[in-house]
Amino acid sequence: MAPDGAIAETAPPEAGWISRVGPDLGLTGHRRSDDWHYAHLYAPAVLVRGSPMPASRHLFREGQDGRQAPTAEAIALVAYLQSLGRDEIDPRARLRRREPEIPAPPPAGTDLLERGDRLYGRHCAACHGDAGDGRGEAAPLLLFPPRDFTTAHYRFRSGGSGEPVADADLYRTITLGTGIGAAMPAFDWLPPRDRWALVLRIKQFSGRLRGLDLRAPRHGGDTPAADPARNGDRDALFRSGRRLWERLGCDACHGRGGEGMDRREADASWADLEGNPIPRSGRLTHPCALRGGASPASIDRALFGGGLAMPTYGEAVPDPEDRRALRAYVLALQDDPQGP
């Protein structure tokens, strides 16, 4: 663990895997989602290019939908992997409760784009596809379809539904990943210049975003960096937020306690803008399960910014104090970070 609380990750070797010694799994817990681990067990070299790890396909059986389903042994193994490094604290939970720093981008140009192209081929194409259409080799193994970059429809963004995604939003998603809520891993171990290179490369897949430019993040916006309850009003704030949660019907999708629901439980036919079925709603009871991050600012973006499957409540909750209450209630749903 670095002095600033960041997790020191070992980058995969540039020249490919030449050692029989595998990476340190000491901090594996909550670094990636369960379905990423299942996909990695089933086809490791697809998820991690050049990996010498043998496939463990004996841990899977074909399910009723024709997809490979993990056996009880696979489920137990992944549960063990998710426990590693969480004996006293969950470092991933602590990181996801903080808003990531987004530095100014480097000068954009062909050199940075070429760097981004190489990084994309190495780290992203397996899921998102060489053409950026979300149809990579690993895509059928994952619970949630990888993002189709050609449409420029993004779930985690700071602007309204009619605005294009900001470069800083793409950088933030690359940095944070989606926790254990979906299979997108965090690339916080990449140098900032490399993350910006990936932003530049990803933009080229869409005619709406294409161009050799990178825009600096906006600072001093209206999303909160912290949201402490004032002395004496924590209980009142919680009650007010709970009333808004119920009035807006949040529990119809996320469950009464924010534990998340699948399509059958909710009797819903959720789909994204590309028509891909969404198998379950987000679980809000643990920082690592919140796909867009667990900071007050990320909750604000999810509730009142742009969205895809989830409605945007910017117009439904215009009052700043009501927004503060709803945000505080959603934050309070996060249980002990030592939870599963």
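Biologist: Among contacts in the protein chain between residues at least 6 apart in sequence, what percentage join residues at least 24 apart?
Modeller: This is a predicted model, and its protein chain contains 13 helices and 2 strands. Among contacts between residues at least 6 apart in sequence, the share joining residues at least 24 apart is 66%.

Biologist: Which helix has the highest confidence in the protein chain, and what is its mean?
Modeller: The protein chain averages a pLDDT of 86, and 86% of the residues score at least 70. Over residues 336-340 the pLDDT is below 50, and this stretch has 19 contacts in the model beyond near neighbours in sequence. Among the helices, confidence is lowest in H11 (residues 263-266), at a mean of 83, and highest in H8 (residues 192-203), at 98.

Biologist: What percentage of the residues of the protein chain count as buried?
Modeller: The protein chain has 340 residues. A residue is counted as buried when its relative accessible area is under 20%. The share that counts as buried is 49%.

Biologist: How many of the residues of helix H12 are buried?
Modeller: Helix H12 spans residues 296-304 and is mostly covered. Its buried residues are Pro296, Ala297, Ser298, Ile299, Asp300, Arg301, Leu303 and Phe304. What covers them includes helix H7 (167-176) and H13. The count for H12 is 8 of its 9 residues.

Biologist: At what angle do H9 and helix H13 pack?
Modeller: Helix H13 covers residues 320-332, and its axis is 7 Å from that of H9. The packing angle is about 90 degrees. Angles of 65 to 115 degrees count as roughly perpendicular, so H9 is roughly perpendicular to H13.

Biologist: How do the residues of the contact of H9 with H13 divide into nonpolar, polar and charged?
Modeller: H9 contributes Leu237, Phe238, Ser240, Gly241, Arg242, Leu244 and Trp245. These meet Asp322, Arg324, Ala325, Leu326, Ala328, Tyr329, Val330 and Ala332 in H13. The residues of this contact divide into 10 nonpolar, 2 polar and 3 charged.

Biologist: Is arginine 242 buried or exposed?
Modeller: Arginine 242 sits in helix H9 (residues 234-247). Leaving aside neighbours within four places in sequence, arginine 242 is in contact with Arg256 and Tyr329. Because its relative accessible area is 15%, and the cut-off is under 20%, arginine 242 is buried.

Biologist: Which residue has a side chain joined to that of arginine 242 by a polar contact?
Modeller: Arginine 242 lies in H9. The polar contact is between side chains and has a length of 2.9 Å. The partner of arginine 242 is glutamate 246.

Biologist: Which residue has its backbone oxygen 2.9 Å from a polar atom of the side chain of glutamine 82?
Modeller: Glutamine 82 lies in helix H3 (residues 72-83) and is buried, with a relative accessible area of 6%. Leaving aside neighbours within four places in sequence, its contacts include Thr28, Gly29, His30, Arg31, Ser33 and Ile180. The backbone oxygen at 2.9 Å belongs to arginine 32.

Biologist: What is the phi of histidine 30?
Modeller: Most residues other than glycine have a negative phi. Histidine 30 lies in the segment before H1 and is buried, with a relative accessible area of 3%. Its phi is positive, near 65 degrees.

Biologist: Where is alanine 152, which has a positive phi although it is not a glycine?
Modeller: The phi of alanine 152 is about 60 degrees. At 4% relative accessibility, alanine 152 counts as buried. Its place is the loop between helix H6 (125-128) and H7.

Biologist: What distance separates the C-alpha atoms of leucine 27 and proline 91?
Modeller: Leucine 27 is in the segment before H1 and is partly exposed, with a relative accessible area of 33%. Along the chain, leucine 27 and proline 91 are 64 residues apart. Their C-alpha atoms are separated by 8.3 Å.

Biologist: How far apart in space are glycine 22 and proline 52, C-alpha to C-alpha?
Modeller: Glycine 22 is in the segment before helix H1 (34-42). At 49% relative accessibility, glycine 22 counts as partly exposed. Glycine 22 and proline 52 are 30 residues apart in sequence, and their C-alpha separation is 8.9 Å.

Notes. Residues numbered from 1 in each chain as written. Predicted model: local features only at pLDDT ≥ 70, side-chain atom pairs only at ≥ 80, totals over all residues. Heavy atoms only, no water. pLDDT = per-residue confidence, 0-100. Helix = DSSP H or I, 4+ residues; strand = E, 2+ residues; numbered from the N terminus. Contact = heavy atoms within 4.5 Å. Buried < 20%, exposed > 50% of the residue type's maximum accessible area, 1.4 Å probe, protein only. Polar contact = N/O pair within 3.5 Å; in protein donor to acceptor, adjacent residues only side chain to side chain. Axes fitted to C-alpha atoms, helices over the stretch in contact; angles between N-to-C directions. Parallel < 35°, antiparallel > 145°, perpendicular 65-115°, else oblique. Nonpolar A, V, L, I, M, F, W, Y, C, P; charged D, E, K, R; others polar.
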